[in-house]
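Please walk me through this structure in running paragraphs.

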Amino acid sequence: MEMHEQQLRLDGNAAAGMFEDLFVHDVTSARGACAACGAVGEMGAQHLYMTPLSPGAVLRCTSCGGILMVIVHAGGRFRLALQGLVWLEMQDAAVAGSG
Amino acid sequence: MRSLDLAVPGWPGHRAGQHVDVRLTADDGYQTQRSYSIASAPSTDERLTLTVERLDDGEVSPYLAGELRAGDKLELRGPIGGYFVWEPAAGGPLLFVAGGSGICPLMAMLRLRQAAMSTVPARLLYSSRSLEDVIYRDELDRLGSTGSGVEVMLTLTREQPGTWNGLRRRIDSEMLHAVAWPPAEQPLIFVCGPTPLVETAANALVNLGHEPARIKTERFGPTGG
């Protein structure tokens, strides 16, 4: 069970392409706060559960395992559930890239 | 293992560590896609290099690693991802930990470091099954021996040449303790490879006292190639 879960685990970074379908900004470098434990981190560093042919992905907090985000892509729609994030902070694209 | 040198008209450039999605469409319209890390350093010449490991039961990699011919067209999306990236301004020292084809995005960072003439010290710990499985072997040999400020340490987990006097086991805490910069030097750490290797290395590095926020990971997982 433990091994099975570990083998399926990816980093939020692996969802970068899917995030780009949903957001204009790069979400993997965005920071967010977990609603369950309060931990703050970049989305790319969280645990992602997704397989190549699955209709979606689940992003879980690396600190407590709580669900941060659920993305489902099916039937010509995206559904994004964000109940596990208190906030999400992204770089202003007009300011990004100057560093 | 095959490196693909792609000309991409209109390519906006990438950051070292980013990936692209490669989409294949069959004659009947069936589409499938996979992500590949860009192995070349950022450049302005609208070119990039992908290194593809052939997975026999994969949907995409047998085509890219086998059937694809010079002149064929591919559908790419990218560059993607802004988390697992390194730029010279981020400094170091740098510790790279790679397993198998996890070397690819780290190679982009090492190549950028060279191209930008960065003097940030860098160490690479790279785990492969055998010497034949070491990707970019010649380039890594050169990098590690030219006084370039890069130290390359290979570990061969399954098969070693008779003359091998290097590491010969999977990456573990003891190995990382010996190879990694002391936590007090606050290295920037990038770990990329199969999920079990990444988790073992990242957990060991945290236990050795490294700040979790300075350890960036990219797990491959069961990607199905």
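**From chains to residues**

Read from the N terminus, the elements of chain A follow the order α-β-α-β-β-β-β-β-β-β; helices (H or I, at least four residues) and strands (E, at least two) are DSSP runs, numbered from the N terminus. That makes two helices and eight strands for chain A. The model is a predicted one, in which local features need pLDDT of at least 70 and side-chain atom pairs count only at pLDDT 80 or more, while totals for chains, interfaces and linings use all residues. Residues are numbered from 1 along each chain as its sequence is written, and chains are lettered from A and ligands numbered from 1 in the order in which they are written.

Of the 99 residues in chain A, 33% count as buried. A residue is buried if 20 or more other C-beta atoms lie within 10 Å of its own, exposed if 12 or fewer, and partly exposed in between, with C-beta atoms placed from the backbone. Among the contacts in chain A with a separation of 6 or more, 49% join residues 24 or more positions apart; two residues are in contact if their C-beta atoms, placed from the backbone, lie within 7 Å.

Chain B is divided into domain 1 (2-80) and domain 2 (88-219), with bounds that come from an automatic or database domain assignment. The centres of the two domains of chain B, taken over C-alpha atoms, are 24 Å apart. Across the boundary, 10 residues of domain 1 of chain B are in contact with 10 residues of domain 2 of chain B. On the domain 1 side, these residues divide into five nonpolar, four polar and one charged. Here Ala, Val, Leu, Ile, Met, Phe, Trp, Tyr, Cys and Pro count as nonpolar, Asp, Glu, Lys and Arg as charged, and the others, Gly among them, as polar.

Chain B also meets chain A: 21 residues of chain B are in contact with 20 residues of chain A. On the chain B side, the elements that give two or more residues are β3 (31-37), β5 (75-80), α5 and β10. β10(B) gives the most, with four residues. By class, this side of chain B has six nonpolar, eight polar and seven charged residues.

β10(B) pairs in the parallel sense with strand β9 (residues 188-193) of chain B over five bridges; strands pair if DSSP finds at least two bridges between them. Lys216(B) is the bridge partner of Phe190(B). Between β9(B) and β10(B) the chain passes through helix α5 (residues 195-207) of chain B, in a right-handed β-α-β crossover. Right-handed applies if, with the strands pointing away from the viewer, the path from the first strand over the helix to the second runs clockwise.

Phe190(B) is also one of the residues with the most contacts inside the largest nonpolar core, which has 73 residues. Such a core is a set of buried Ala, Val, Leu, Ile, Met, Phe, Trp, Tyr and Cys residues joined through C-beta atoms within 7 Å. Helix α2 (residues 103-115) of chain B provides the largest share of this core, eight residues. Both domain 1 and domain 2 of chain B give residues to this core, so it lies between them. Leu124(B) touches Phe96(B), Ala98(B), Leu106(B), Val150(B), Val152(B) and Met153(B), leaving out residues up to four places away in sequence.

Trp86(B) sits in the loop between β5 and β6 (94-99) of chain B. Trp86(B) is buried, with 26 other C-beta atoms within 10 Å. Apart from neighbours within four places in sequence, Trp86(B) is in contact with Ala16(B), Gly17(B), Met109(B), Leu188(B) and Phe190(B).

Most residues other than glycine have a negative phi, and most peptide bonds are trans. The bond from Gly78(B) to Pro79(B) is cis, with omega near 0 degrees, and Pro79(B) is in strand β5 of chain B. Phi of Met117(B) is positive, near 55 degrees; with 8 C-beta neighbours inside 10 Å, Met117(B) counts as exposed.
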